[in-house]
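This report concerns a structure that is shown below.

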Amino acid sequence: MMWTLPILVILGCALSSVPLGRYMAWAMNSRGPGLPCRLDAMVARVGGSRCGEDQRWHRYAMSMLVFNAVMFTVVFVILTAQAWLPFNPDAKGNMPADLAYNTAASFTSNTNLQHYSGEQHLSYFSQLFAIMWLQFVSAATGIAGLTALCRGLAGRSALGNFYRDLARATVLVLLPLAAVVAIGLVLCGTPMTLQGSAVATTLEGLTQTISRGPVAAVVAIKQIGTNGGGYFGPNSTHPFENPSLLSNIIENASIILLPMAAVWMFGRIVGSWKQAAVVFAVMGVLYAGLVGTSVITEQAPTAALAGLPVQDAMNLEGKELRFGSSAGALWAISTTATSNGSVNAMHDSLNPLTGMMPMIGMWLNVAFGGVGVGFINMFLYIITGVFIAGMMVGRTPEYLGKKIEAREMKLALLALLAHPLFILGGIAIFAATPWGAATVQEPGPHGLSEIIYEFSSAAANNGSGFEGLGDNTPPWNIATGTVMLLARFIPIILPLAIAGSLASKERLAESAGTFRTDGVLFGVILTGVVLIVGALLFLPLGVLGPIAEHLAVSGGSAGPR
Amino acid sequence: MLADLIASLRIALASILVCVVGYAGALLGAASLLAPESRLGRLLEIDAQVVGARDLAQAFTRPEYIWPRPSAVDYAADATGGSNLSPANPQIRERAEPLLEALGATPENPAPAELVLASGSGLDPHITEAAAIFQADRVARARGVTPGVIREAIEARARPIGPGDPARVVNVLLLNIDLDRIAPAGD
């Protein structure tokens, strides 16, 4: 029955996210004697005095930016020089500068948009020392940012220390989880070797060159850290990345586990389980709604086969049989609602209406969202929701006992509006010029969908794509590379500024006049704000792309081609 | 700024040692203990000659073999990928028509859909049991045996996808190796 897998994965992750969130709060925020503090001491010894001090928000943000600049630079150098570096058994050449810019930006920003194809363009050294390294530290940057935000909301004017948080997130959260997942994948049959390609002579006498490598290590952190950048070009559709139904369940659960747990970590640090439960419920409703819709729309048959002597079946173009009938839809939503971006079915080949659901996931970008940053995005909607609700009933808007005033609202709106600006602005430029128009695989609404998807993916720091798009061109590489960097750091830095501003305000005593943010009413308002803001900004895109294609297909014409 | 740069460089180096050298090194060690064979890609050998990987489809076009799903990359295992075509794209239809003819599909005897639809990786090793049985008569004729022999071999290779999914799938490469053993082709 097609609902077994979605229900199993979603419920299992929701349940295990609660203890994991508690653990994360301890790992990230514990100040008592124990493992986290011993790690702090090591960080201070390795990194020097800058790594020992408590930082206010602008210092914290500065450390984060400098470290991320180092990440970007190191990886750019590795990619453009990989031919001269070790662990290159299949003799891959150096990456061109525009593609290396895009790739370094993509992995620094935790996006993992890939305009290259792993098995064709990367050496083992690049896979491990560039791609996989960033998959750890970019995810850790997101968790660090969220921890700092939570501390500010809890009223601490010093948000912590970026390097300490980075090390705690990496060593105590990401490494153990990734190691467990990687071992699981190895047992499922995912390769883990430094030997070069194997060459087979097939039963019919042809030669088949079989790319392999240290796959399990990369795939594990790709999933756990909402990274999404696959070892192989077609990501987790590849039988080596994702050999079986069991590996598919492990990998799909790994996508949403940490984003879910991050919400509980917030609740624990700010000291309110109920505040976290409201946010979790809102995210859960959005996520489950998208999953349910996609599972149903994807059961429709492949439209191009209408009238041919073919048995009735769901749309199987771009899908693998071993994962079962609902796995593609479940994963498509999991990966886009969370800013992961890995795939186990080709999104370009999803039915038009199904293809719109991942876009909605990326437009909203809060249905759990990326590790750490998903909650940060939701925080912007929370501030907006509190403000709107406060205005409607004529009360001073407050959140967690702090007044929300003009400064906070300006910062929140700036961060919120950056997202549609990057998406709509980019699409407008590329749809109107040969930069985009000449690179689409199909004319008509589906081609527009390819452009829409690419900019949505870059701006949401997602990384999946409608891969029919010929996106390895200098305009695409430079434009999406820049969008990814801006869309990464603006929505981290501005909320930190809000947190810094809130932390310095006096905490108001709760009274009968306080608008409560830990109940069902606020949950409904928050859902409304997310949907209305999302719908107003992005509905026209949905109509011009996927909905137009759906109507053309179901109306019996194959569209204006 | 400078203090941050120095701290960042040191922490970056330390994190590379831990996350790349330590983590990948430990996993390479663990994999060679836990899965010494499959960590290399589960290659299949016949007479000390590598004939393919158990998990990867390869091209089969001769009548005596069961055919896998079509591949957008012609079964290249070093340049993998799907068609990325919209499900409404006429190219899918153009690709399907000659395949359906070769399979002998007719309106009275329609073919299972996956036999004309490309997978995401281009290397899906499986087809459904029904899609294998659909080809049994052709394979039996080409090998000069009764269709029952082929059906039995298919049955033996069929595995359930998993709990909650009624369909059973067959690994095409393993099945074809079986067929070569059970009923060698005339040449």
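In this predicted model, helix α3 (residues 57-80) and helix α7 (residues 162-188), both of chain A, have axes that come within 9 Å and cross at roughly 60°. On the side of α3(A), the residues A:Y60, A:S63, A:M64 and A:F67 meet A:F162, A:Y163 and A:L166 of α7(A). By class, the contact of α3(A) with α7(A) comprises six nonpolar residues, one polar residue and no charged residue.

Chains A and B also touch each other: 98 residues of chain A and 91 residues of chain B take part in the contact. Elements of chain B that each supply at least two residues to the side touching chain A include α1 (2-34), β2 (49-53), α2 (90-103) and α6 (172-182). The largest share of that side, 23 residues, comes from α1(B). The table gives the classes of residue on the side of chain B that touches chain A.

| Class, side of chain B touching chain A | Count |
|---|---|
| Nonpolar | 55 residues |
| Polar | 24 residues |

How confident is the prediction for chain A, in terms of mean pLDDT? The mean pLDDT of chain A is 93, and 99% of its residues reach 70 or more. Over residues 557-561 of chain A, however, the pLDDT is below 50. Beyond near neighbours in sequence, this stretch of chain A has 12 contacts in the model. Where pLDDT is low, predicted coordinates should not be read in detail.

Note on methods: Residues are numbered from 1 along each chain as its sequence is written. Chains are lettered from A and ligands numbered from 1 in the order in which they are written. This is a predicted model: local features need pLDDT of at least 70, side-chain atom pairs count only at pLDDT 80 or more; totals for chains, interfaces and linings use all residues. Two residues are in contact if their C-beta atoms, placed from the backbone, lie within 7 Å. Helices (H or I, at least four residues) and strands (E, at least two) are DSSP runs, numbered from the N terminus. Ala, Val, Leu, Ile, Met, Phe, Trp, Tyr, Cys and Pro count as nonpolar, Asp, Glu, Lys and Arg as charged, and the others, Gly among them, as polar. pLDDT is the predictor's confidence in each residue, from 0 to 100. Axes are lines fitted to C-alpha atoms, for helices over the stretch in contact, and angles run from 0 to 180 degrees between N-to-C directions.
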